[in-house]
Amino acid sequence: MSPRSHAASRILLPALTGAVVIALWYGIHFYLTPEMRFLLPTPAAILDAFREHRAVLASATWNTAQGALLGFGLALVVSSVLALLLSLSPLVRTSLYPYLMALQMTPLPVLAPICVIWVGAGLNSVALLTFVIAFFPLVVNTTQGLISTDRNLVELFALYRASRWQQLLRLRVPAALPYFFTGLRIAATIAPIGAVVADMNAGSSAGGGGGLGFQAVIYAAQAKYPALFATALTTCALGFVLNAAVLTLAWLTLRHWHDAYERRDR
Amino acid sequence: MAAAPLVEFRGVTKRFGDGPVVLDRITFSAQPGDFVSLIGPSGCGKSTALRLLAGLSPVTEGELTVAGRTPDAAAAELAYVFQEPTLLPWLTVAHNVDLPQRLRGVPAAARAATTRRVLELVRLGDKAAAYPRQLSGGQKMRVSIARALALEPRLLLLDEPFGALDEMTREHLNEELLAIRGAAAWTAFFVTHSVAEAVFLSNRILILASQPGRIHHEVAVPLPYPRTDDTRLSREYLDLVAGVSRLLRSVPAVPAAARS
Ligand SMILES: Nc1ncnc2c1ncn2[C@@H]1O[C@H](COP(=O)(O)OP(=O)(O)OP(=O)(O)O)[C@@H](O)[C@H]1O
Ligand SMILES: [Mg+2]
């Protein structure tokens with residue numbers, strides 16, 4: 001396949017899939033008896049709902065995005081520091097891992113009320129809960145990366161009597177980057193989901209602070225189903241944007257040397 | 001021969017932990033300018049000997065000196081070429097060559113000049129900005145050699161540097177290595193499994209026996225330097241290759257300990 005036709009197919013193929021999905025969608029909608037059609041509103045009805053509720057949806061998106069980004073950013077910083085600590089010795093890892101896992105094992109709806117007691121409902125809680133779930137994949141992957149440095153390269157640094165600091169900055173950290181980005185991708189996928197679930201469980205609509213999770217609960221209660229679908233699509237879009245940002249960052253950082261980005265001319 | 005030896009093994013014994021003796025009372029000294037090849041069965045302790053020299057692993061018994069000091073104190077005198085190219089994949093060729101100099105605190109301006117010079121030496125001047133994955137196996141090995149040469153070592157340790165390469169590339173790099181050496185006469189310890197390579201490169205060959213690792217035989221190679229492609233066709237060269245091969249075959253296959 002020539003590069004041009006390859007690029008074209010990258011747009012054409014998903015577009016084609018999209019067209020098929022929409023056709024099926026309408027097919028199912030009209031297959032249902034009229035009184036059951038509320039189960040699957042048409043794309044056109046959902047578009048209308050977007051238009052009608054755009055102010056509410058925009059503010060809810062902004063609130064959720066804030067919570068997701070705050071939690072994600074916090075997870076990024078804390079996990080990096082903790083991964084450095086954990087990479088120091090197996091002793092540190094065995095002492096700390098069980099507790100990190102315990103945190104990860106506790107379901108978010110159970111943690112939510114605890115968070116609310118501590119930091120109050122709303123943005124604080126959403127960010128904190130997002131942090132909790134985004135944090136684990138980051139710390140695990142980054143730690144794994146920091147301790148998986150190629151033995152031969154470690155030997156090379158020992159040979160030239162590199163200081164611990166030089167070894168960390170010039171060897172362990174760059175070698176851990178692919179692992180770090182694996183964690184970051186998972187975190188970027190679950191952070192928006194976490195933020196929405198957190199918002200359902202610990203959100204607050206006080207002062208226009210409600211997020212997408214909150215809005216979904218409201219639309220469901222009001223039986224505004226097209227608006228509910230519009231909310232679902234919005235959460236989806238939020239996840240896509242964060243993912244795309246992380247993928248771009250990974251590509252910019254790793255494209256020159258990592259095998260996953262190798263493009264060989266044949 | 002009054003010159004002080006650059007490397008001196010005096011009854012050097014090595015064992016890892018409570019394991020078996022890996023090197024058994026090695027006594028040997030190398031003069032400045034010697035090119036010493038180590039050849040012997042797999043597992044006889046060739047790499048271990050180099051690691052002792054580099055101070056990467058301590059001597060168990062006996063005494064080992066490099067330039068009159070302990071290997072650890074003499075670390076700045078030597079460079080090491082591993083069996084694998086061992087390049088940092090995220091650095092360009094030039095930055096890889098730059099790295100050990102940087103770790104040793106060589107100022108930036110001096111580093112840049114040295115890097116350019118050694119890359120020219122291994123004929124990779126045009127690849128300075130490339131990443132390791134864009135190079136062939138032989139080219140990567142040349143970068144690894146350039147990186148070692150950039151430190152201007154008095155002692156160069158090479159552990160089967162061309163083991164993974166095809167015969168043609170290997171012969172070519174052998175000639176290149178000797179040509180480079182003409183410019184700066186470092187002393188070399190070179191591990192190989194190829195008798196032809198050992199004879200072509202060295203003035204002394206140590207044939208090691210296994211379990212425990214010990215010197216089975218030392219062979220002097222009186223062929224004059226510079227050696228070229230023609231050297232490989234000479235009578236003396238071919239006789240030496242045959243002789244060393246015969247000696248290598250006479251190394252007991254069954255470990256000494258197992259026989260007794
Ligand atoms: N770090 C270590 N710990 C324990 N034993 C080791 C260690 N390194 C090497 N050995 C043992 O020492 C012996 C010699 O190993 P060495 O790597 O020096 O052999 P070699 O002559 O280089 O072999 P090859 O030609 O296969 O590279 C082997 O039996 C090996 O198992
Ligand atoms: Mg070896």
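Start with both chains shown: chain B and chain A bury about 2200 Å² between them, and carbon and sulfur atoms give 64% of that area. Buried area here is the accessible area (1.4 Å probe) that two parts lose on being put together, summed over both. Select Trp90(B), Leu103(B) and Arg133(B): they supply 39% of the area that chain B buries against chain A, more than any other three residues.

This is a predicted model, in which local features need pLDDT of at least 70 and side-chain atom pairs count only at pLDDT 80 or more, while totals for chains, interfaces and linings use all residues. Residues are numbered from 1 along each chain as its sequence is written, chains are lettered from A and ligands numbered from 1 in the order in which they are written, and side-chain values use heavy atoms, with hydrogens and water left out.

**Stop 1: where the chains meet**

Select next the residues in contact across the two chains, contact meaning heavy atoms within 4.5 Å. Chain B gives 27 residues and chain A gives 23 residues. Between the chains there are two salt bridges. A salt bridge is a side-chain nitrogen of Lys or Arg within 4 Å of a carboxyl oxygen of Asp or Glu.

Six residue pairs are in polar contact between chain B and chain A, with both residues at pLDDT 80 or more. A polar contact is a pair of N or O atoms within 3.5 Å; within protein, one must be able to donate a hydrogen and the other to accept it, and residues adjacent in sequence count only if both atoms are side-chain atoms.

Now colour chain B by its elements. Helices (H or I, at least four residues) and strands (E, at least two) are DSSP runs, numbered from the N terminus. On the side of chain B that touches chain A, the elements giving two or more residues are β5 (78-81), α2 (93-103) and α4 (137-149) of chain B. Of these, α2(B) gives the most, with four residues. By type, the residues on this side of chain B are 18 nonpolar, two polar and seven charged. In this count, Ala, Val, Leu, Ile, Met, Phe, Trp, Tyr, Cys and Pro are nonpolar, Asp, Glu, Lys and Arg are charged, and the others, Gly among them, are polar.

**Stop 2: Lys14(B)**

Move to strand β1 (residues 7-15) of chain B and select Lys14(B). Is Lys14(B) buried or exposed? At 4% relative accessibility, Lys14(B) counts as buried; buried means under 20% relative accessible area, exposed over 50%, and partly exposed in between (1.4 Å probe, protein chains only). Show what surrounds Lys14(B): beyond its neighbours within four places in sequence, its contacts include Val22(B), Leu52(B), Ser57(B) and Thr60(B). The side chains of Lys14(B) and Ser57(B) make a polar contact at 3.1 Å.

**Stop 3: salt bridges within chain B**

Over all chains, the whole structure has 20 salt bridges. Select Glu77(B) and Arg154(B), whose side chains form a salt bridge at 3.6 Å, N to O. Glu77(B) is in the loop between β4 (61-66) and β5 of chain B, and Arg154(B) is in the loop between α4 and β6 (155-159) of chain B, 77 residues apart. Glu77(B) is buried at 18% relative accessible area, whereas Arg154(B), at 43%, is partly exposed.

Next take Arg117(B) and Glu152(B), a salt bridge with its closest N and O atoms 2.8 Å apart. Arg117(B) lies in helix α3 (residues 108-121) of chain B and Glu152(B) in the loop between α4 and β6 of chain B, so the pair ties together parts 35 residues apart in sequence. Arg117(B) is partly exposed at 39% relative accessibility, and Glu152(B) is exposed at 55%.

Then select Glu197(B) and Arg170(B), which meet in a salt bridge of 3.2 Å, N to O. Glu197(B) is in helix α6 (residues 195-201) and Arg170(B) in helix α5 (residues 167-183) of chain B, 27 residues apart. Both Glu197(B) and Arg170(B) are buried. Finally, show Glu171(B), Glu175(B), Asp229(B) and Arg232(B), which salt bridges with shared partners join into one network.

**Stop 4: cysteines**

Select Cys115(A), buried at 5% relative accessible area, and Cys44(B), buried at 1%. The structure holds zero disulfides over all chains, a disulfide being a pair of cysteine sulfur atoms within 2.5 Å.
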